[in-house]
Amino acid sequence: MQDNSALGRALAMVRDLRRRCPWDRVQTRETLRPYLVEEVHELDQALAEGDPAAIRDECSDFMLHLAWQLVLGEERGEFTADQVADDLVRKMQRRHPHLFDLGPKEAWETLKRRERTRGTLEGLPPTLPDLLMAYRLQERAAGVGFDWPDTEGPLAKVREEVAEVEAELAEGRPKEDLEAEIGDLLFAVVNLARKAGVHPGSALDRANRKFRDRFAAVERLAAERGLDVHTAGLEALDAIWDEVKAEAKPRA
């Protein structure tokens with residue numbers, strides 16, 4: 001890899017730090033894992049906010065951690081950055097055969113399925129967030145034809161699961177039973193989102209941000225009116241919430 005390339009300069013920096021900094025010298029894959037996970041989440045947040053300066057900054061941090069893992073692999077004699085890049089090129093060529101004169105265009109899941117050596121649902125990292133895991137499991141199953149043709153099936157399933165949760169609540173069933181039914185409901189909602197072409201993680205993130213903004217507005221209005229949100233009560237807070245919600249609606 002060229003030393004003056006973007007990644008080449010990052011690798012050179014990490015190698016230098018490993019030689020001259022006591023803290024960097026003792027880092028291992030295990031000690032760096034928590035920081036890597038944190039950086040991925042911070043980059044994801046910057047992407048969600050759409051702030052170019054923040055994205056640039058977080059990409060810099062992520063590149064550092066990529067360089068770390070490449071240097072550690074190099075030090076252990078396991079692989080080099082060039083070998084990793086070669087693997088990347090070959091993988092992308094396999095997944096885009098029509099672009100490299102290697103064959104006709106194929107469906108993404110067909111290509112991915114050919115690469116798997118185990119079952120359809122195997123190989124997903126167990127550390128995936130639960131919402132994303134549900135989405136990927138359903139996506140994998142759909143890749144082999146285990147899927148509804150449109151949103152009608154998933155929508156009916158959501159209604160069915162809501163009814164089952166209502167029944168569990170009405171009967172006062174044990175927490176474990178209720179947890180199972182709510183889990184089924186959440187799984188069904190994820191499937192509905194997938195069939196509707198909406199990523200559930202993005203949808204939930206948008207809902208979270210909307211709720212955060214509106215509740216902050218509720219707190220501001222309550223303070224302006226001399227209300228303590230801790231003692232105002234649901235009726236008063238719900239009335240302010242309706243005001244905030246109405247104000248947020250686009251005007252004709």
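**Exercise 1.** Which residues are buried in H9?

*Solution.* The model is predicted. Begin with the extent of the element: helix H9 covers residues 175-195, a run of 21 residues. From its first C-alpha to its last, H9 reaches 30 Å, close to the 30 Å expected at 1.5 Å a residue. Next, apply the cut-off: a residue is buried when its relative accessible area is under 20%. In H9, the buried residues are Glu181, Leu185, Ala188, Val190, Asn191, Ala193 and Arg194. Finally, consider the partners: these buried residues of H9 pack against helix H7 (130-143), helix H8 (152-171) and helix H10 (200-224). Just after H9, Gly197 adopts a positive phi of about 80°.

**Exercise 2.** Determine whether Glu161 is buried or exposed, and identify its contacts.

*Solution.* First, locate the residue: Glu161 belongs to helix H8. Second, Glu161 counts as buried because its relative accessibility is 4%. Third, set aside neighbours within four places in sequence; Glu161 is then in contact with Glu181, Asp184, Leu185 and Ala188. Among these, Glu181, Leu185 and Ala188 are themselves buried residues of H9.

**Exercise 3.** Where is Leu102 placed, and of what surface patch does it form part?

*Solution.* First, Leu102 lies in the loop between helix H5 (81-95) and helix H6 (108-115). Second, its relative accessibility is 55%, and therefore Leu102 counts as exposed, the cut-off being over 50%.

Key:
Residues numbered from 1 in each chain as written. Predicted model: local features only at pLDDT ≥ 70, side-chain atom pairs only at ≥ 80, totals over all residues. Heavy atoms only, no water. Helix = DSSP H or I, 4+ residues; strand = E, 2+ residues; numbered from the N terminus. Expected span 1.5 Å × (residues − 1). Buried < 20%, exposed > 50% of the residue type's maximum accessible area, 1.4 Å probe, protein only. Contact = heavy atoms within 4.5 Å.
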